[in-house]
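Please look at the sequence and the model below before reading on.

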Amino acid sequence: MLYICVWLEQNTSNTPSISSIFNAISMNSSHGFSKVDIDEDKWVEGVRKSIVEQDEEIGNIPVCIFTVPKILLATDPNSYIPQQVALGPFHHWRPEVYDMQRYKLAAARRTQKYMNVSFERIVDIMKKHDELRIRASYHKLLEMSGDTLVWMMAVDMAFLLEFLVVYSMKQEGQTLTRVTSSMSHLVDATGKKLSHVAILRDLVMLENQIPLFLIKNMLEHQRKESDDKSPGEKLKSMLMGLYHELSPFHEQELADVDIDDCDHILDFLYHMTVPNNKELHINEVIEIEYEGITEEACDGDQEESFAKPSDLRRFTNYIWKILSKSNAGMIRISKRIIFGRPVILVTKLPWRIISSLPILKLLKGPIEQMFKNFRGEGQEKSNDEGGESKPPKIEEITIPSVTEMARAGILFSPVNGGISDISFDVKTCTLYLPVVELDVNTEVYLRNLVAYEACVAAGPLVMARYTELMNGIIDTEEDAKYLRERGIVLNHLKSDKEVADLWNGMSKSVKLTKVPKMDQVVADVNKMYGETWRVKSSKYLKTYVFASWQILTLLAALFMLFLTTVQAFCSVYVCARVFHQLPEIPGSEGAT
């Protein structure tokens with residue numbers, strides 16, 4: 001707008017036209033109308049080829065390599081953006097990771113020695129048969145030439161295979177005795193060097209993936225007649241070793257994942273962590289039925305005659321149980337007051353008459369709610385009037401923390417398994433959680449599995465729900481310490497506070513989800529926790545005592561009424577004889 005005002009002042013002699021003003025706005029103030037510096041001829045040619053010349057079969061190839069959703073990327077960008085090495089086209093030109101290009105080229109030169117054909121021949125085959133399939137695998141439009149794309153992928157694959165050889169040998173029980181001098185500071189057989197750890201983290205990032213069919217093709221060109229393993233078996237051996245290095249879980253039985261069903265490394269790791277029934281060799285189909293919530297309509301007469309005579313009688317019995325633990329002299333006084341004719345007469349009166357009294361009329365609502373909860377009838381109904389339960393919260397599952405559950409008597413037990421082994425035993429009041437081993441790679445591993453799941457999963461988001469569960473039960477370092485002492489969390493980080501920060505940092509979800517088995521565990525835990533006497537008494541006091549001035553007023557009025565009754569009683573009877581029977585306070589004689 002400032003530009004327009006200056007432009008008008010400089011051109012006062014000529015009245016500006018509407019089109020000139022619009023052009024000024026479009027060229028200087030609005031990014032929406034700004035022209036991107038592109039070659040229009042190439043753009044038109046690319047669109048024409050995409051619409052006219054593209055094969056329909058290529059168009060049916062599903063996208064498998066995505067960009068991280070912005071809501072997740074904003075929480076911790078370093079967990080999703082490669083810091084050491086870029087694989088594939090998304091981050092290839094970033095200056096921070098392009099320095100690794102010299103090591104990639106060195107790996108490509110060494111790989112060429114083991115090939116049955118020349119490296120250039122492999123690139124030509126990729127360009128002829130795989131270029132369109134490569135482009136179709138990525139979520140973004142790859143605006144680069146075919147030669148640039150296939151050469152980039154070939155060099156990156158050579159580097160990746162050289163890195164994965166370490167884990168293939170580990171899987172087979174062998175050790176890598178010698179690493180080439182140019183890669184010795186990057187690839188470490190023990191996996192302890194910082195550069196090796198950084199590459200390992202970059203390897204599992206969602207935006208840093210390479211289609212596995214390309215890696216299998218390159219292994220096919222390296223195959224010799226003496227080899228007893230197929231390229232698919234070699235690749236699976238590498239990825240199994242990588243999974244054992246990265247997975248925080250200690251499963252006793254591993255899923256049988258078909259390498260041909262996996263699109264890239266992260267997809268293989270996801271199937272190993274969250275296997276389906278086929279990979280677990282489960283043939284039976286489990287049907288889950290959701291029972292609707294039904295509410296019984298209450299008759300008007302029942303609502304009017306809410307407080308039956310037994311309600312007040314039950315309340316007085318409750319008070320009597322408390323007072324029965326007191327001194328014998330006080331018992332006789334309380335017994336005469338509580339079970340006297342006036343109180344008995346009041347308890348026999350209908351609730352309509354009692355609630356119409358001046359003081360109790362104002363307290364009718366709180367008293368009715370108190371009696372309803374006292375009888376166990378004050379159960380929570382559905383969250384809305386339609387009886388439909390609201391979807392789970394995005395940020396955190398509603399569940400008590402570890403320390404809160406421990407105080408309520410809920411036990412924790414480790415399980416050597418995966419996420420599917422989470423369960424809750426109602427009889428023993430024990431929550432079974434899988435053993436999870438946390439190190440510097442765990443957060444990146446879990447975050448990218450959650451991001452990938454959000455992009456491809458059509459069903460429940462199991463990984464996201466697991467991280468939400470752990471985020472819900474771990475609030476402080478005391479919670480993390482308790483799970484560590486129980487053997488559920490194996491902590492290789494610096495402190496228990498880092499463990500709590502790790503889980504609390506993964507609180508964002510892309511969309512709402514429900515996982516029936518895990519949600520049932522949460523429901524059982526909440527039910528058991530809510531039924532403990534400690535929680536019941538705490539909720540009761542918070543709701544009906546500390547949070548209600550009306551109840552405090554009622555208790556004060558009853559206390560004053562009690563004192564007045566005692567005073568009236570003592571004015572008629574001799575109370576000194578009763579109080580003389582009370583035991584003397586220890587130390588009172590010495591004080592006198």
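**Basis of the values**

This is a predicted model, in which local features need pLDDT of at least 70 and side-chain atom pairs count only at pLDDT 80 or more, while totals for chains, interfaces and linings use all residues. Residues are numbered from 1 along each chain as its sequence is written, and side-chain values use heavy atoms, with hydrogens and water left out.

**Overall make-up**

The protein has 31 helices and 5 strands. Both are DSSP runs numbered from the N terminus: helices are H or I with at least four residues, and strands are E with at least two. Of the 592 residues in the protein, 40% are buried. Buried means under 20% relative accessible area, exposed means over 50%, and partly exposed lies in between (1.4 Å probe, protein chains only).

The accessible surface of the protein comes to about 35400 Å², and carbon and sulfur atoms account for 55% of it. Accessible areas come from the Shrake-Rupley method with a 1.4 Å probe; for residues, only the protein chains shown count as cover. Among contacts between residues at least 6 apart in sequence, 70% join residues at least 24 apart. Contact here means heavy atoms within 4.5 Å.

**Core and enclosed helix**

In soluble globular proteins, nonpolar side chains tend to be buried together. The largest nonpolar core of this model has 120 residues. Such a core is a set of buried Ala, Val, Leu, Ile, Met, Phe, Trp, Tyr and Cys residues joined through side-chain atoms within 4.5 Å. Helix α10 gives the most to this core, with 15 residues. Ile473 and Trp503 have the most contacts inside the core.

Which residues does Trp503 touch, leaving aside its neighbours within four places in sequence? They are Val436, Leu438, Leu446, Tyr466, Thr467, Met470, Asn471 and Ile474. Trp503 is also linked by ring pairs to Phe249 and Tyr466 in a cluster.

Helix α14 (residues 265-273) has 9 of its 9 residues buried, so this helix is largely enclosed by the rest of the structure. Among its buried residues are Asp267 and His271, as well as Ile265, Leu266 and Phe268.

**Aromatic rings**

The structure holds 8 aromatic pairs. Rings of Phe, Tyr and Trp (its six-membered ring) pair if their centres lie within 6.5 Å; planes under 30 degrees apart count as stacked, over 60 as edge-to-face and the rest as tilted. The rings of Phe119 and Trp151 are tilted because their planes stand at 35 degrees, with centres 6.2 Å apart. Phe119 is in helix α8 (residues 119-129) and Trp151 in helix α10 (residues 146-171), so the pair ties together parts 32 residues apart in sequence. Phe119 is buried at a relative accessible area of 6%, whereas Trp151 is partly exposed at 39%.

Phe412 and Tyr482 form an edge-to-face pair, 5.7 Å centre to centre and with 75 degrees between the planes. Phe412 belongs to strand β1 (residues 411-415) and Tyr482 to helix α25 (residues 477-485), and the two are 70 residues apart. Both Phe412 and Tyr482 are buried.

The charged end of Arg486 sits over the ring of Tyr482, 3.9 Å from its centre. Arg133 lies over the face of Phe213, also 3.9 Å from the ring centre. A charge sits over a ring if NZ of Lys or CZ of Arg is within 6 Å of the ring centre and within 35 degrees of the ring normal.

**Salt bridges**

A search of the whole structure finds 14 salt bridges. In each, a side-chain nitrogen of Lys or Arg is within 4 Å of a carboxyl oxygen of Asp or Glu. The table gives examples.

| Salt bridge | N to O distance |
|---|---|
| Lys104 and Asp156 | 3.0 Å |
| Asp147 and Lys127 | 3.6 Å |
| Lys236 and Asp256 | 3.3 Å |

Lys104 in helix α7 (residues 101-112) and Asp156 in helix α10 are 52 residues apart. Both Lys104 and Asp156 are buried.

Asp147 in helix α10 and Lys127 in helix α8 are 20 residues apart. Asp147 is partly exposed, at 43% relative accessible area, and Lys127 is partly exposed at 35%. Lys127 and Asp147 also belong to a network of salt bridges with Glu131 and Arg135.

Lys236 lies in helix α13 (residues 231-246) and Asp256 in the loop between α13 and α14, so their pair ties together parts 20 residues apart in sequence. Lys236 is partly exposed at 23%, and Asp256 is partly exposed at 42%.
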